[in-house]
Amino acid sequence: MRRPSPRLGATWLGVNFWSRTGGPLMWRNYDPAVVRAELATLARHGLTVTRSFCYWPDFHPEPDRIDERLVDRLADFLDAHSELGLRTVPTFLVGHMSGENWDPPWRHGRDLYADVEMVSRQAWFIERISRRFQDHPAVAAWLVSNEMPIYGRRRGEPPAPREHVTAWARLMVHAVRAGGATQPVSIGDGAWGIEVTGVENGFSVRELAEFTDFTGPHVYPTDNDPVRQNLNAAFLCELAAVGGRPVVLEEFGLSGDWASEENTALYYRQVLHTTLLAGATGWLAWNNTDFDDLADQDPYRHHPFEMHFGVTDSAGRPKAALRELESFARTLSEMDFDRVRRADTEVALVVSSYLERGYPLTVVEDDRRLVFQSLRQAYVAAREADLAPGFTREQDGLADDARLYLLPSTRQLMAPTFRRLAEFARAGATVYLSYCSGTHGGNRGPWFPGLGDFFGVRTELRYGLVAPILEDIVSMRFVQDYGCLRADQVLGFQAGGNEHGRAFLPVTPTTAEVLAVDDYGRPFLLRNRIGAGWAVLCTYPLEYMASTQPDVNPEATYRLYQTLAVAAGVRREATVDDPMVFADVLVHEDGRRFQVLVSQHDGTVEVSPLV
């Protein structure tokens, strides 16, 4: 199974850029010497690209007028990039930034997506700027906006209708092309659409990919589990590839007010390397500098932590984050990353279409949240097991060339999808499902047509009720050898979840063989022969339960995934006997193969990769 990592061309490694002379107001206080010094520091540390911003209220002060003084300063800014061997990605419509929204004075509250005049004025501004700089060698690409889901709707308002947003975005991209610009273009919305987050914000990553050239996640996660936190950006990059476009981590980082220099460096190191393995092909940290001299200026006055996201301090001195970017630049150079792709995989994580579709008479938000959280926890376990998982989405039609299909705590799939999974099993694949009754009381019970026949069991549920998990720790004791686990080995799992989801599926085997039982001798893991392959049923919602727990990883699901992979004949090209060290492989077009190891340990460890 291919794990796509399409490219824009040259790899981008850089930062989002505001000069320390003014932050968003830098164009009013533009200092060519300071800007060149700031850019030179970035270039000395191996960075190649910045993302830059046209602060919209200043650049477009009247509906039919652009401030030409600022356009001239932008021209000097681009020239400075060329002088230093850098390129930049200018962003046109910047009304949101760092905790505040600013309007051009002539907006008067009009809708940015549906008001004809407002749409026309935005397109006019974009066309004029792109026409001026269409041939400038410093322009690497263009971005239409900055986080329009925040700017285009006030807090508490419903999201804009998707059809309005998609039509607006298409017109903005056409405006770039009407200006004669041929560089790649994207939206700058953050890739927070429903296909990635499970939350509808009007910006469909799938629909926007039809007329844009790359997808740019903005990722600032928080979590209660360190391993999940370190993998959050990678997980979102995997989901953001839904449109088949190159994935550029357009924004990531943290304020120095939130972590020490050492822990900031660790976070950068984790994000850079885990997203490398997740298919990202560009990285733009937030941001280039601190802003201690702007404490009296909005947004820093009321969001003071925003002053300290810089990879340099307010005097231009490098911080630990910049040194991590420099080290990563050397890694990319040593492997000749522009000619490298991810190795193929034989393990598929199935993404239910319920993440991005609103089917009739379903509890949409709860169902989407369950898909997202269980899938993310499964991604963590698969990484701990060194399975190098690939994502296959029900909405697009499942890939047919995996040996192992993982359906983690999956409550809902479409009926034709189960028919397709049965075909894969008959052809020799292993299909694993961990049962989950859902997180709400609507339509309790299995949604799967023919679950009993497929998994070789008879369910013993009573209508309208769940079989609650009462223990704090549930044990999976193997009653026969399976994969890399031996009979009598026990895996323990911490129970969790709400009254609906903290439940197991009581079954009686018919044609299935029991592989493992719980503390009461009830079937915990079973497998049923389907043609040349297997259907494997776990009667407990392992991934869902783990997703509700703080500080839970690594937990025993990774061992189950390892044994599933061994039994399915999955070839793991690189693996380490330590769940806190992830192993994966990148492949150069000349045939060289690079093992990449990413440790979750706090200190130095020695490991011996197995090939």
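## Strands, rings and cores in a predicted model

Strands E24 and E25 run antiparallel and are joined by 6 bridges. Strands here, like helices, are DSSP runs numbered from the N terminus (helices are H or I with at least four residues, strands are E with at least two). Two strands pair if DSSP finds at least two bridges between them. Within this pair, asparagine 528 stands opposite alanine 535 in E25.

This is a predicted model, in which local features need pLDDT of at least 70 and side-chain atom pairs count only at pLDDT 80 or more, while totals for chains, interfaces and linings use all residues. Residues are numbered from 1 along each chain as its sequence is written, and side-chain values use heavy atoms, with hydrogens and water left out.

### Two sheets

E24 and E25 belong to an open sheet of 9 strands with mixed pairing, in the order E14-E13-E15-E16-E25-E24-E23-E19-E20. Its edge strands are E14 and E20 (490-494), and each pairs on one side only. Neighbouring strands of this sheet are turned by 25° against each other on average, direction ignored. Angles are taken between axes, which are lines fitted to C-alpha atoms (for helices over the stretch in contact), and run from 0 to 180 degrees between N-to-C directions.

An open sheet of 3 strands has antiparallel pairing and the order E12-E26-E27. E12 (340-342) and E27 (593-599) are at the edges with a single partner strand each, so one side of each lacks a neighbour in the sheet. The twist averages 35° from one strand to the next. E12 and E26 (residues 581-588) run antiparallel, joined by 3 bridges. Arginine 342 stands opposite leucine 586 in E26. Helix H10 (residues 261-277) packs on this sheet and touches E12, E26 and E27. The direction of H10 makes about 140° with that of E27.

### Aromatic pairs

The structure holds 34 aromatic pairs. Rings of Phe, Tyr and Trp (its six-membered ring) pair if their centres lie within 6.5 Å; planes under 30 degrees apart count as stacked, over 60 as edge-to-face and the rest as tilted. Two pairs are set out here.

| Pair | Centre distance | Plane angle | Type |
|---|---|---|---|
| Tyrosine 379 and phenylalanine 391 | 5.6 Å | 75° | edge-to-face |
| Phenylalanine 524 and tyrosine 540 | 4.3 Å | 25° | stacked |

Tyrosine 379 lies in helix H12 (residues 364-384) and phenylalanine 391 in strand E14 (residues 390-393), so the pair ties together parts that are 12 residues apart in sequence. Tyrosine 379 is buried, with a relative accessible area of 0%. Phenylalanine 391 is also buried, at 16%. Buried means under 20% relative accessible area, exposed over 50%, and partly exposed in between (1.4 Å probe, protein chains only).

Phenylalanine 524 is in strand E24 (residues 523-530). Tyrosine 540 is in the loop between E25 (533-538) and helix H15 (542-547), 16 residues apart from phenylalanine 524. Both residues are buried.

Ring pairs also link Phe17, Trp27, Tyr30, Phe59 and Phe77 into a cluster. Arginine 7 lies over the face of phenylalanine 337, at 4.1 Å from the ring centre. Arginine 107 lies over the face of tyrosine 151, at 5.4 Å from the ring centre. A charge sits over a ring if NZ of Lys or CZ of Arg is within 6 Å of the ring centre and within 35 degrees of the ring normal.

### Nonpolar cores

The largest nonpolar core has 164 residues. Trp168, Trp283, Leu325 and Met476 have the most contacts inside it. Such a core is a set of buried Ala, Val, Leu, Ile, Met, Phe, Trp, Tyr and Cys residues joined through side-chain atoms within 4.5 Å. A second, separate core of 31 residues includes Ala425, Leu505, Val517 and Leu526.

Beyond its neighbours within four places in sequence, tryptophan 168 is in contact (heavy atoms within 4.5 Å) with residues including Leu93, Val144, Ile187 and Phe203. Phenylalanine 203 lies in the loop between helix H7 (194-197) and helix H8 (205-208). Phenylalanine 203 is buried, with a relative accessible area of 0%.

### Backbone details

A cis peptide bond joins aspartate 298 and proline 299, with omega about 5°. Another cis peptide bond joins asparagine 553 and proline 554, with omega about 0°. Serine 409, a residue other than glycine, has a positive phi near 45°. Serine 409 is buried, at 2% relative accessibility.
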